[in-house]
Amino acid sequence: MKLASFFIPLLALAISNTAHAEKGQNLLDIYEIAISSDPTLSAARHGNLAMQEKIEQGKALYRPTVNFTTDASHSETDIRYLGQNAVFRNAGHESFEVFGMGVNFTQPILRKENWVQYKQAQTQVSQADKQLILAQQDLMLRSAQAYFDVLIAQDQIDLLNSQKAAISQQLEQAKANFEVGTATITDVNEAQARYDLLKAQEITLLNDYEVRKRSVQAIIGRLPTRLATVRQDLQTRPPQPLDMEQWVTLAEQNNLSLSIQQEALRLATQEVDRMNAGHWPTLDMVGSYTDTRAGGSANGFGSDLQNATIGLKLNIPLYQGGAVSSRIREAVANQQKAADEVEAARRQVELDARQAYLNLTGSVAQVQAYEQALNSSQSQLDSTNLGYEVGVRNSVDVLNAQQQLFTAKRDLLQSRYNYLLNVLRLKSAVGLLNEGDLAEVNERLVLANDPSP
């Protein structure tokens, strides 16, 4: 009974895992696993958590600091007094202990440098939040790229198997025709050579397929199962809005890399203010309480002293060797450097947005062109087969037409994957990529039979 209670849950889990594997995975499945498994995103999350503490550290600069101290000591003294009044003092050897403890505090009142540091902490946290969102967008793109890389490898294997079947049939027909004398040995050799070449290509494609699956494994921590592929009735759409400059404007407003660089400029500007604060006076409230007990002293008298003080401490910097002025000049130079990097980032963002827009519009036209090329290649193959049957075309013509058809199928599939990736890349270039965009791409996928052998 105990064994049954142990094995039944394991059996249910195994059945569940098998059913999931049989069901296959789509793009959203891979991304959802990656969210909890990708080490790059995990590192970004922990980096963001660490940066959040900058706010508390900034607040602490204006909170009081309190310290407790205690000490104990033993003294051995030997003293001799000289002069007329020495008669009233104890001379000779003394041995005594001293015990003390105290509490002191400092409450900043006026410290401009601390205030600027707090503002810098807010800027750093804002920058870290954007970096985390950017890491999430990067994971979406990496997941999609790795996913479609596996798909194209699967499709190439599938197409190769179909091509092998077609050439094998052509080879058998050529052999039969050669035996009855209606074909030459050249037809047989040509078909055999094509078939052998495909067998060699198969090794490369199978290896590439395994490598690309490991690329997905590097993101999600496990090998993917059967993946959903692109629908045959995929409808391509040009980007909306159609005006490229509107996408450039969106990128300037929302691109995260540019925004992070702008935060770096703000941080550099605040650093100039912080360095200038080195010329400002500081004002603190200070206080202390001490309790000291001495069992004796060099002159023989012990004491029990309690002392409490409170007051204000003003510090006015006059001259620090020129270090403050040097730090200011350094901060100003770094501020200009950050401004230059913002301009460089802005130009790169504009370029990336234009390239992503053109790539998407180009992939829309490319899909339509390859669809037409596939129809033409199929018509050519049908015509060549008919010509072969009536004797006006030879087997080489048929093999070439078959090769062109399978090449057109491969190029069409690749163009469809590029189109879907370019949809995501354009959204990423303008900083608007989100899980909804990934779900929209996922709706254009459908599970099919696993093309891997």
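The following dialogue examines several assignments in a predicted model.

Trainee: Why is Ser 415 called buried?

Mentor: Its relative accessible area is 1%, and buried means under 20%; Ser 415 therefore qualifies as buried.

Trainee: Where does Ser 415 lie, and what is in contact with this residue beyond its neighbours within four places in sequence?

Mentor: Ser 415 belongs to helix H9, residues 395-429. Setting aside those sequence neighbours, Ser 415 is in contact with Gln 366, Val 367 and Tyr 370.

Trainee: Why is Phe 68 called exposed?

Mentor: Exposed requires over 50% relative accessible area; Phe 68 has 55%, so the term applies. This residue is found in strand E1. Together with Val 66, Met 101, Val 103 and Tyr 289, Phe 68 makes a nonpolar surface patch of about 470 Å². Strand E1 (65-79) and strand E2 (92-110) are the elements that each give two or more residues to that patch.

Trainee: How do you know that the span of helix H7 agrees with its number of residues?

Mentor: Helix H7 has 21 residues, 256-276, which at 1.5 Å a residue should span 30 Å; the end C-alpha atoms are 30 Å apart, so the two values agree.

Trainee: What caps the N-terminal end of H7, and what covers its buried residues?

Mentor: Asn 255 is the cap, with a side-chain oxygen 3.0 Å from the backbone nitrogen of Ser 257. Buried residues of H7 include Leu 256, Ile 260 and Leu 267, and their cover includes helices H4 (112-180), H6 (244-254) and H8 (323-390).

How values were computed: Residues are numbered from 1 along each chain as its sequence is written. This is a predicted model: local features need pLDDT of at least 70, side-chain atom pairs count only at pLDDT 80 or more; totals for chains, interfaces and linings use all residues. Side-chain values use heavy atoms; hydrogens and water are left out. Helices (H or I, at least four residues) and strands (E, at least two) are DSSP runs, numbered from the N terminus. The expected span of a helix is 1.5 Å times one less than its number of residues. Buried means under 20% relative accessible area, exposed over 50%, partly exposed in between (1.4 Å probe, protein chains only). Contact means heavy atoms within 4.5 Å. A polar contact is a pair of N or O atoms within 3.5 Å; within protein, one must be able to donate a hydrogen and the other to accept it, and residues adjacent in sequence count only if both atoms are side-chain atoms. Patches are made of residues with over 30% relative accessible area and no salt bridge: like charges are joined within 9 Å, nonpolar side chains (Val, Leu, Ile, Met, Phe, Trp, Tyr) within 5 Å. Accessible areas come from the Shrake-Rupley method with a 1.4 Å probe; for residues, only the protein chains shown count as cover. A salt bridge is a side-chain nitrogen of Lys or Arg within 4 Å of a carboxyl oxygen of Asp or Glu.
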